[in-house]
Structures are given as C-alpha cells and as structure tokens.
Amino acid sequence: MKKILITRRLLKSNEERASKIWNVKLNATDEVYSQGELIKLSKNCDGILTSIVDKIDKKLIESLPASVKIISNFAVGFGNIDLDAAKNRNIVVTNTPDVLTDATAEIAMLLILGAARRANEGIQISKTQTWQWSADFLIGKQLSGSRLGILGMGRIGRAVAKRAKSFGMEIHYHNRSRLNKELESGATYHDNIKDLFSVSDFLSINCPATEKTKNIINKDSLKFFPNGAIITNSARGDMIEDNAMVEALKIKKIYALGLDVYKGEPKISSGYLNHPKVFVLPHLGSATKKTRTDMADLAINNIEEFFKTGTCVNKVN
Ligand code: DGY
C-alpha cells in the first residue's frame with residue numbers, strides 16, 4: 001500500500017476516501033508544517049498532497065527522501081512549488097484545474113461588485129447605525145455599460161467574462177495568445193497590456209503568477225488606465241506592485257480595489273487596510289464545500305492516476 005503525506009486537513013469525506021486508498025499521514029491539528037517537519041514526515045512516503053501554504057522550494061525538494069515520486073498540489077496554482085527542482089529529482093507535480101473555475105469566478109464578481117459599490121464602507125457605516133439615506137450617500141460605480149478588461153483569459157477569466165456580460169459589461173482581454181471565436185464569445189482581444197489597460201474601466205486579474213506577470217501592475221502600467229478605474233485580483237498577489245497601487249489610490253488614479261490574494265499572505269499592506277475603497281477578502285476564491293471537495297478529490301485522483309499509469313493529465317512540470 002502506498003504511503004501518502006497529506007500536509008493540511010481536507011474535508012472529512014476526502015480524508016476518509018484517501019484513508020481507504022492509502023496508508024495516509026494526516027495532519028490532525030492542521031498547523032502549517034515547517035520545512036524541517038515536511039522533510040521528516042515525508043520519510044518513506046511515496047507522495048505528498050500539498051496545499052498552497054506549503055513552500056516546496058528547491059532546498060526542500062532536494063532534501064526529500066528518494067521514495068517521494070509525486071507532489072499533488074491541492075490548488076490550481078502551483079507557485080508554491082519549484083517545478084524545475086522537482087523535475088530534476090524526477091518528481092511529478094500536479095494541480096487541480098477546472099473544478100474551481102466557477103467558485104473563483106463567483107469571488108471575482110464579488111470583488112468587482114464590492115469594490116464598485118463601496119461594500120467596505122457600507123458594512124462599516126451600517127454597523128454604526130447612525131447612517132441616513134440621502135441622494136448622494138455612498139454613491140459608487142455601475143457595472144452595466146462599463147468596460148471590463150480581463151488579464152488572463154483562461155478558464156477562470158472566461159468564466160468571469162460570462163458572468164460580467166450578464167451584468168451588462170463590455171468585455172476586453174489580453175492573453176498570451178488570442179482565443180478562437182467561440183471561446184472569445186464576443187470579447188475584444190488586445191495584444192498588449194497597454195491597450196487593454198487603457199480601455200479598462202474595470203480590470204479583473206485572472207492570469208497565473210509567472211516571472212512575466214510578476215508586478216505587471218506597477219507604477220508605469222498604472223498610468224495606462226482611465227482615471228478612476230477599478231482593479232480586482234482573484235489570482236495571486238504577485239501581480240501587483242503594492243506601493244505603486246497604494247499611491248495610485250491616494251491620487252485617485254484608481255478609484256477602488258477588490259482583493260482576495262496578497263503578496264506575503266496572510267499579511268496585507270497597511271496602505272490597503274487603511275483605505276476605505278479597498279474591499280478585501282482572505283483568499284476565498286475556491287472556498288465552497290462543493291469546490292473544496294472536488295479539488296481534494298482531484299488531488300487524490302491525480303496521485304492514483306500517476307501510480308497507475310506513470311503519468312497524469314494534470315502534470316504541470
Ligand atoms: C488555487 O487553487 O490556486 C486557489 O488559489 C486555492 O484556493
């Protein structure tokens with residue numbers, strides 16, 4: 001029987017399923033293991049089911065026992081894992097695409113709505129019970145009739161586009177390559193970010209974090225946006241240069257932000273926390289029972305498929 005280390009708690013039904021298939025090492029307290037603990041616990045294990053908070057860098061990978069053949073990440077993103085280091089050790093890395101598309105697109109819409117309609121301020125003021133309705137009370141920006149730029153038109157970007165269209169938004173996008181007509185579904189392609197940002201009353205960030213996209217929203221690229229644009233991020237914090245963004249909010253170049261992800265999570269820049277027009281969530285993109293169940297099931301399936309066939313459709317390295 002294969003031995004699998006599962007680094008964080010899964011939902012009960014997923015842990016039960018994994019326990020029936022393998023000899024599993026579960027994390028009863030759900031604490032985040034240190035790298036030293038991860039190395040120790042993976043002794044004699046054939047695979048590790050990791051989460052996005054596990055930092056699986058080169059040093060850790062090089063210290064893993066030779067028995068480890070697969071790292072199955074319980075996420076669609078895999079920025080927490082050094083793919084090349086894993087490849088060099090002949091360790092397969094897999095992710096969980098598709099199953100979290102809808103849940104993440106829903107959170108992306110919540111960010112767009114929350115930022116545009118001043119949800120953060122609205123919640124704070126409601127709780128004071130001293131507010132009074134008036135014609136210009138907490139006036140925000142309307143989605144219908146606005147242009148939404150989508151940076152990264154993969155599965156999640158397209159799911160955001162579909163939802164935003166039903167809110168009456170006009171969709172523009174930039175992607176590594178142009179989509180075919182069917183996938184584009186009426187959206188306008190821009191082959192560079194300058195052109196996309198300059199038509200984005202709203203921008204939804206939905207691209208993966210790579211060396212190319214790191215800090216893609218920075219002091220220079222923020223100048224391309226129309227004055228008073230709204231930016232939301234449901235992908236990874238790496239894409240935004242935070243100091244430049246805080247400054248853009250200060251000078252009202254950017255009207256509002258909706259953020260679910262941050263550099264250095266769970267820390268959030270004080271410039272964001274202290275700004276009334278920044279609507280923040282704690283990385284909830286995939287946090288529904290259905291999606292978390294499906295993600296863990298897929299992470300388990302990936303390991304099963306790998307040990308059965310020697311490879312996996314969701315291999316990312
Ligand atoms: C992912 O799958 O990458 C999500 O961010 C995890 O919640």
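Modeller: On one side of the contact between helix 5 and helix 7 are T101, D102, T104, A105, E106, A108, M109 and I112 of helix 5; on the other are R155, I156, A159, V160, R163 and A164 of helix 7. Sorted by class, the residues of this contact are eight nonpolar, two polar and four charged. Keep in mind that the model is predicted.

As for geometry, helix 5 covers residues 101–116 and helix 7 covers residues 155–166, and their axes come within 9 Å of each other. The axes cross at roughly 55 degrees, so helix 5 and helix 7 are oblique to each other. The crossing of helix 5 past helix 7 is right-handed.

A second pair to inspect is helix 1, residues 12–21, with helix 13, residues 289–309. Here the axes lie 9 Å apart at an angle of about 15 degrees. Angles under 35 degrees count as roughly parallel, and helix 1 and helix 13 are therefore roughly parallel to each other. This crossing, of helix 1 and helix 13, is right-handed. Helix 1 contributes S13, N14, R17, A18 and I21 to the contact, and helix 13 contributes R292, T293, A296, D297, I300, N301 and E304. The contact of helix 1 with helix 13 divides by class into four nonpolar, four polar and four charged residues.

R292, in that contact on the helix 13 side, is also one of the residues around the ligand. In G77 a backbone N or O atom lies 2.9 Å from a ligand oxygen atom. The side chain of R236 places an N or O atom 2.6 Å from an oxygen atom of the ligand. For S286, a side-chain N or O atom is 2.9 Å from a ligand oxygen atom.

Two loop positions remain for checking by eye. Most residues other than glycine have a negative phi, and most peptide bonds are trans. Q129, which is not a glycine, has a positive phi of about 55 degrees; Q129 sits in the loop between helix 6 (119–128) and strand 6 (147–151). The peptide bond joining E265 and P266 is cis, with omega about 5 degrees. P266 belongs to the loop between strand 11 (254–259) and helix 12 (270–273).

How values were computed: Residues numbered from 1 in each chain as written. Predicted model: local features only at pLDDT ≥ 70, side-chain atom pairs only at ≥ 80, totals over all residues. Heavy atoms only, no water. Axes fitted to C-alpha atoms, helices over the stretch in contact; angles between N-to-C directions. Helix = DSSP H or I, 4+ residues; strand = E, 2+ residues; numbered from the N terminus. Parallel < 35°, antiparallel > 145°, perpendicular 65-115°, else oblique. Left-handed = near helix turned anticlockwise from the far one by under 90°. Contact = heavy atoms within 4.5 Å. Nonpolar A, V, L, I, M, F, W, Y, C, P; charged D, E, K, R; others polar. Near = heavy atom within 4 Å. Polar contact = N/O pair within 3.5 Å; in protein donor to acceptor, adjacent residues only side chain to side chain.
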